[in-house]
Amino acid sequence: MRFLPCGSDGLLVEVADLDEALALHASLTAGPPPGTTELVPAARTVLIRFQPLLTSAATLAAAVRDRSLPRGATATGTLVEIPVHYDGEDLAEVARTCGIDVPDLVRRHTAATWTVAFTGFAPGFAYLAGDDPVLDVPRRGTPRTTIPAGSVALAGRFGGIYPRASPGGWRLLGRTSATMWDVERAEPALLRPGMRVRFVETPEPPVPAAPPPVRREPVEAPFLEVVAPGAQTLVQDLGRPGRSAEGLSRSGALDRAALRRANRLVGNAPDLAALEVVAGGLRVRAHGRLVLASTGAPAELTVTTPTATFPVAADRAFALDEGEELLVGSPARGLRSVLAVRGGLAVTPVLGSRSTDLLSGTGPDPVRAGDHLPVGPSPRSPVTLGTAAAQDLPAGGDVVEIDVQLGPRDDWFTTGALDRFATQEWTVTPRSNRVGLRLDGEPLERRVPGELPSEGTVPGAIQVPPDGRPVVFGADHPVTGGYPVIACVAAHHLDLLAQVPPGARVRFRPTTPGGTSA
């Protein structure tokens, strides 16, 4: 085994192959070491997330090192049959690559037994390990920009089914009507690690399901009416921890300290849902008497009443009466403001959270003009008087120093690339979002060529794709990835990273796990 650091609260355990990874995951699931919070199996690794107050990476490594990893165990999980209409765009090309004809390809694909090895890429996307080596085909050289939901595909030794329309480079064999991810089910993912899958040919193509009608149920006061949503406004709480093995990231507020502070100002519990406002522009109208507070990026706040317009201060509680409006302006520094209301936003929770996850589409839709956002009952705790301590946030053009911990795949890069990673200033591009902060600068050269088998990732993981320009994962990141992670942002700087606007520059400062410079 190899034990590789993965941020402030992750340990990546690398083993020889998929069989050992599955055996290790089974062992850890049956008897997790104390302090373990989450396990993410992958092609030849298991990512262990842990609580740093209860354990350490060194303690976990010692607890895992001597575990038995039996090979060749026969999969005995639940068998799921998946109907497939074989009309995929790559069907003929895959057959040629395998040295067989199309009917033989279909026969082999349906005769094979597939085991769910792990999930990732998107919620409900299961990596299926097959028992027919003939069906091992490479990814496409150029990924498609859109692959329809329900597409059945191959890549390397794995099979997979796309749960929703998304980009991808897998080879398409056909389509299925099976719903891979449904938050209305008790278990949203149809396929989970350890299950077995058999594909069944069907002559009829699947009929696309009609999208559910958009319904806006009447909301009783108190509520916030959205007059204008601004560039992007999302409902966020502290997210959905513990679902990475299903392919679902934690999500939640990017600046978690700002959410907690806004809730504290209005007397809420720290995890209640609020609005995350990107670059201002949000206008809301009060229905009922409401108490609000704005934290994070210091935006100008303007209240409009029937008789006057006047400013209110950020980082302190204020009231809106019935019909009064609040405009959240564009912040001069930082990027994301948090607007909390006493009682919290009581939108319908999905999988235990009210957060909007942009990558998976889980949770409430982004806020739109005309939305009525219900407010929960007022808590017993009082409103905090006075002003909270605001953070000094960066503006466009500023240089922001971010602490990182090297690994788990820093050994994939040349010495020169590692030096350049830590010394140059990386510019934040406008293509950045909640999934990832995209950086521009002099590219980083790899020392190790080829593809990295997919493995678990964490918020703040800094992936380096083939173009050599880093992407820093945010709260809505994919839970597994196939590009090497050169370093991970230290936990104490994740909130700061959420406030770095496009045009600002980032300088990474490698530190030890204890927080001192390396």
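Me: Leaving aside neighbours within four places in sequence, which residues is Thr 457 in contact with?
Reply: In this predicted model, Thr 457 has its place in the loop between β28 (455-456) and β29 (461-463). Once the neighbours within four places in sequence are left aside, the residues in contact with Thr 457 are Leu 47, Gln 463, Phe 473, His 477, Pro 478, Val 479, Thr 480 and Gly 481.

Me: Does Thr 457 count as buried or exposed?
Reply: The cut-off for a buried residue is under 20% relative accessible area. Because its relative accessibility is 4%, Thr 457 counts as buried.

Me: Which backbone oxygen does the side chain of Thr 457 reach?
Reply: Pro 478 is among the residues in contact with Thr 457. At 2.8 Å, the side chain of Thr 457 reaches a backbone oxygen, that of Pro 478.

Me: Which residues form the covered face of strand β5?
Reply: In a regular strand, side chains alternate between the two faces of the sheet. Strand β5 (residues 79-84) has an uncovered face made up of Leu 79, Glu 81 and Pro 83, and its covered face consists of Val 80, Ile 82 and Val 84.

Me: What is the bridge partner of Val 84 in β13?
Reply: Strands β5 and β13 (residues 196-201) run parallel and are joined by six bridges. Val 84 belongs to the covered face of β5, and its bridge partner in β13 is Glu 201.

Me: Which strands are the edge strands of the open sheet of five strands?
Reply: The order of this open sheet is β15-β16-β23-β18-β21, with antiparallel pairing. Two of these strands pair on one side only, and these edge strands are β15 (232-236) and β21 (318-320).

Me: Which residue in β23 stands opposite Leu 275?
Reply: Strand β16 (residues 274-278) runs antiparallel to strand β23 (residues 336-341), and four bridges join them. Opposite Leu 275, the residue that stands in β23 is Leu 339.

Me: At about what angle does helix α5 run to β18?
Reply: Helix α5 (residues 256-265) lies across β15, β16, β18 (290-296) and β23. Relative to β18, helix α5 runs at about 150°.

Me: What separates the C-alpha atoms of Thr 37 and Val 435?
Reply: Thr 37 is found in strand β3 (residues 36-41) and, not counting residues up to four places away in sequence, touches Arg 49, Phe 50 and Gln 51. Thr 37 and Val 435 are 398 residues apart along the chain, and their C-alpha atoms are separated by 22 Å.

Conventions: Residues numbered from 1 in each chain as written. Predicted model: local features only at pLDDT ≥ 70, side-chain atom pairs only at ≥ 80, totals over all residues. Heavy atoms only, no water. Buried < 20%, exposed > 50% of the residue type's maximum accessible area, 1.4 Å probe, protein only. Helix = DSSP H or I, 4+ residues; strand = E, 2+ residues; numbered from the N terminus. Pairing = 2+ DSSP bridges. Polar contact = N/O pair within 3.5 Å; in protein donor to acceptor, adjacent residues only side chain to side chain. Contact = heavy atoms within 4.5 Å. Axes fitted to C-alpha atoms, helices over the stretch in contact; angles between N-to-C directions.
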